[in-house]
Amino acid sequence: MLERKQVYLDNSASTRLDERVLEAMTPYFFDTYAVATSEFAYSQGIEASEALNTARESLANALGAAPEEFIFTSGSTESSNIAIKGVALALGGKKGKHIIVSKIEDFRVLNSARALEKQGFKATYLEVDGEGLIDPVKLEKAITDETILVSIQHANQEIGSIQDIKSIGKICREKGVIFHTDATHTFPRVPIDVKKIPVDLITVAAHTIHGPRGVGGLYVRKGTKLGKWMDGGFQEFDLRAGLENIPGAIGFARAVELLTPEENEKLCEIRDRIIDRILKEIPDTTLNGPREKRLPQNANISFHYIEGESITLHLDMNGFAVSTGSACFSRSLEGSHVIFGIGGDHERAHGSIRFTLGRYNTMKEADSIVDTLTGIVNELRSISPLAPRKYRKEK
């Protein structure tokens, strides 16, 4: 089979591993491969434990946290499950059984809330505005004496909206409610300092920043009540049982170290080029999410009168990889719950394309995909029964 060079613009699903990250990880596959819990038995176990602790300290520092406030997990899905279900285990039978999440959370949060509803908890799914942002006043009104947890993402996985988690955290702190945020798509591109932001639990992951897949973390503020969700050993301060993924932890820490403000600026420039050119050169398009308060790496645009699946297939044939929403939609024919959540109709939800950038994308690639898109959109609209007559081919 012939190899085909493809321009990859789906970096919010996963990113290419940076060679420097792999270089940092390699010794812990072949040289120091003991588990950290063997530190009391032999020297290689001591080396493994020290490496794990160094990675933990590095990642905790990036959040302004203490090392003992950071636990390693298998990724963002596990981190959010530990946070949400852990609070439910710790407080569900004591304080109350009410949690609050936004309607446009990723499925790891939404489905955790739904799972708790089956166990007798009550969940409020908070509405967002047309840009995907919650209203702090509505959040405050939604909190009751039974509320034990608020989980609002730092930024949306599809449309890139960045929430004001400082204001949200302040409300939760005043109400005595634990606040969790999913920072999978922001950490460390959008800084979070837990010394300044009153957040109790933070989900982070390596796969979106050119780190390894299958490793993530959860910040747990000291004193936060959290039940142990997965039974087993006493690893990770007795909060997360299981064999430590030391190569993954090392790679995660290295990936965070390598991310720079200059890279973010570059991504913003490429993102803006894609948005500006599409909105200017391709009519009947709508930017989803805010223009300013959005992730550096995210552009999400709806192309009216045609389906996003058709666009992605044609782009793939032309050497470009994009998605119609979050990675979880790849096997679903349903429209994006995020686009519906911001007030979009079925046509807008099914016609949305997410372009997400990474370290290896260039401005030349941005111009190339827009040039290619113009022809694809014109061709698809010419045969679409939904398109106005001006787009139809003359018979």
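Is Cys268 buried, partly exposed or exposed? Cys268 is partly exposed, because its relative accessible area is 23% (buried means under 20%, exposed over 50%, and partly exposed in between, with a 1.4 Å probe and protein chains only).

The views below come from a predicted model, in which local features need pLDDT of at least 70, side-chain atom pairs count only at pLDDT 80 or more, and totals for chains, interfaces and linings use all residues. Residues are numbered from 1 along each chain as its sequence is written, and side-chain values use heavy atoms, leaving out hydrogens and water.

View 1. A search of the whole structure finds 0 disulfides (pairs of cysteine sulfur atoms within 2.5 Å). Cys172 counts as buried because its relative accessibility is 0%, whereas Cys268 is partly exposed at 23%.

View 2. Helix α5 covers residues 107–117 and holds Ser112 (helices are DSSP runs of H or I with at least four residues, strands are runs of E with at least two, and both are numbered from the N terminus). Ser112 has 1% relative accessibility, so this serine counts as buried. Its side chain reaches the backbone oxygen of Arg108 at 2.6 Å. Leaving aside residues up to four places away in sequence, Ser112 touches Asn81, Ile84, Lys85 and Phe107 (contact means heavy atoms within 4.5 Å).

View 3. Leu89, Trp229 and Met230 together make a nonpolar surface patch of about 270 Å². Patch residues have over 30% relative accessible area and no salt bridge; like charges are joined within 9 Å, and nonpolar side chains (Val, Leu, Ile, Met, Phe, Trp, Tyr) within 5 Å. A salt bridge here is a side-chain nitrogen of Lys or Arg within 4 Å of a carboxyl oxygen of Asp or Glu. Look for Trp229 in the loop between β8 (216–220) and α8 (235–238); this tryptophan counts as partly exposed because its relative accessibility is 34%.

**View 4. Backbone angles worth a second look.** Most residues other than glycine have a negative phi, and most peptide bonds are trans. Asp238, in helix α8, has a positive phi of about 60° although it is not a glycine. At 40% relative accessibility, Asp238 counts as partly exposed. Tyr305, also not a glycine, has a positive phi of about 80° and sits in the loop between β10 (298–303) and α11 (308–317).

**View 5. The cis peptide bond at Pro188.** Phe187 and Pro188 are joined by a cis peptide bond with omega of about -5°. Pro188 belongs to the loop between β6 (178–182) and β7 (201–205).

Terms used:
Accessible areas come from the Shrake-Rupley method with a 1.4 Å probe; for residues, only the protein chains shown count as cover. A polar contact is a pair of N or O atoms within 3.5 Å; within protein, one must be able to donate a hydrogen and the other to accept it, and residues adjacent in sequence count only if both atoms are side-chain atoms.
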